[in-house]
Amino acid sequence: MDKLLIYGGKPLKGEVCVSGCKNSAVAVIPAAILADSPSTIENLPYIDDVLVLKDILTAMGAKAELTGDGSMYIDPAGIDTFVTPMELARRMRASYYLLGVLLAKFGRAEVAFPGGCDIGVRPIDQHIKGLEALGAKVSIEHGFIKAYTDGLKGAEIYLDVVSVGATINIMLAASMAEGITEIVNAAKEPHVVDTANFLNAMGANIKGAGTDVVKIKGVKALRGCRHNIVPDQIEAGTFMIAAAATYGDVIIKNVIPVHLESVSAKLSEMGIEVSEGDDSVHVKSNGRPKHTTVKTLPYPGFPTDLQQPMSALLSVADGTSIITENIWESRYKHIEEIKRMGAKIKIEDRVAIIDGVDKLTGAPVTATDLRAGAALVVAGLMAEGVTEINNVKYIDRGYENIDKKLISLGADIKRISI
């Protein structure tokens, strides 16, 4: 158990390099099981979720090795079970991707009911609906999601809600199903596209990823390949917000600027200078940000994963800001922690009404989930005095060396092991 001590009030200045996308990594690593030969996944973030997936694959008989250059070598030939280890699978939400993968590979899957951050009800009904449409029988027994099939067959699947997880899980299963699968009302997030690109590089036939309709023509076999995952748009957005919060001047490198357009637009509305390079974004802030209105929406809308860091920034904006959280109903748990630091925020159902204050002051706070932890880091960076953040394990799930990266930009942060 670690905690962070942040001595706030120091502007962030310099350049920082964004790691590979967490949300891509947790889908692409399981997808490598589908191949009949080894794959190498490059540009992986060194975070807890990646390490847990490595342990899951190893426990199932695969050879999974991390190298020092941010790559993972995966040879699935030794996998001799369709059952995931319960304790490991329960440590992360994205373990449900193993359901579609194992069903496609072996015709059977038993995956422990996933865990991860508590940010509200995360139903897997759309996952189950999609897999059943492909011909699987699915049940939940003794903490496991169990599925089996005599052979998956393509189908047209309409998602009742836009779901990244369901879109990817169906795509994984359908890649080796007989016939053509069409996912209607599909999620369009960058990591959906990245997963489709990896599958296509292995020999799958997927078209339309990144649009509302994804079409998959099943193939009989997939081969291993080398794949470089995309940069993490949420880490990049977090650094953009942190730069704005500290009146900083930061160039965020190794990004795909188009993935960040909703964040760039919102920061620009607040009076913060944002300029784009080919693979970088420059954020410069010379004064107190203006108030604004934020509504979280599926991509390309404003990401729910950046709502929490943004709410920290808006707590010191000039005027009253409104945030509407349209994705998760319990994603305001960080608000009580930021209020300990002097923020004036009122929650009404899914709406946060934020009256900007002149400054925050450091206080002991606790991260309740991954992005709540990021919000507390942003708050601590701009607060007067010392902020002590507990439950850093949540932050480490999704951010690679966030303290070291911020220190390189001039932040005063200490990690304490307790």
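**Figure 1. Helix H6 and its buried residues.** In this predicted model, the buried residues of helix H6 are Gly165, Ala166, Thr167, Ile168, Asn169, Ile170, Met171, Leu172, Ala173 and Ala174. Buried here means under 20% relative accessible area, exposed means over 50%, and partly exposed is in between (1.4 Å probe, protein chains only). Helices (H or I, at least four residues) and strands (E, at least two) are DSSP runs, numbered from the N terminus. Since 10 of the 11 residues of H6 (residues 164–174) are buried, the helix is largely enclosed by the rest of the structure. Look also at the N-terminal end of H6, which is capped by Ser163: a side-chain oxygen lies 3.0 Å from the backbone nitrogen of Ala166.

A word on how to read these views: this is a predicted model in which local features need pLDDT of at least 70, side-chain atom pairs count only at pLDDT 80 or more, and totals for chains, interfaces and linings use all residues. Residues are numbered from 1 along each chain as its sequence is written, and side-chain values use heavy atoms, with hydrogens and water left out.

Figure 2. Helix H9 spans residues 261–269, and its residues Ser262, Val263, Ser264, Lys266 and Leu267 are buried. Just after H9 comes Gly271, with a positive phi of about 90 degrees.

Figure 3. Most residues other than glycine have a negative phi, and most peptide bonds are trans. With that in mind, take a look at Asn185, which has a positive phi of about 65 degrees although it is not a glycine. Asn185 is found in the loop between strand E10 (180–184) and helix H7 (190–201). Phi is also positive at Asn254, near 60 degrees. Asn254 belongs to the loop between strand E14 (249–253) and H9, and it is partly exposed, with a relative accessible area of 25%. The peptide bond from Tyr299 to Pro300 is cis, with omega near 15 degrees; Pro300 sits in the loop between E17 and H10.

**Figure 4. Asn23 in helix H1.** Asn23 has its place in helix H1 (residues 22–31) and is buried, with a relative accessible area of 16%. Its side chain is joined to that of Lys22 by a polar contact of 3.3 Å. A polar contact is a pair of N or O atoms within 3.5 Å; within protein, one must be able to donate a hydrogen and the other to accept it, and residues adjacent in sequence count only if both atoms are side-chain atoms. Leaving aside neighbours within four places in sequence, Asn23 is in contact (heavy atoms within 4.5 Å) with His191 and Asp305.

**Figure 5. The surroundings of Ser315.** This residue lies in the loop between H10 and strand E18 (320–324). Ser315 is buried, with a relative accessible area of 0%. Once neighbours within four places in sequence are set aside, the contacts of Ser315 are Ile338, Ala343, Ile354, Asp355, Gly356, Val357, Leu360 and Met382.

**Figure 6. Gly277 and Lys333, two partly exposed residues.** Gly277 lies in the loop between E15 and strand E16 (280–284), with a relative accessible area of 31%. Gly277 and Ile251 are 26 residues apart in sequence and 9.5 Å apart in space, C-alpha to C-alpha. Lys333 belongs to helix H11 (residues 333–339), and its relative accessible area is 34%. From Lys333 to Leu88 there are 245 residues in sequence and 25 Å in space, C-alpha to C-alpha.

**Figure 7. The whole protein, for orientation.** The C-alpha atoms fill a box of roughly 65 × 45 × 40 Å, taken along the principal axes. Buried residues make up 56% of the 418 residues. Among contacts between residues at least 6 apart in sequence, 72% join residues at least 24 apart.
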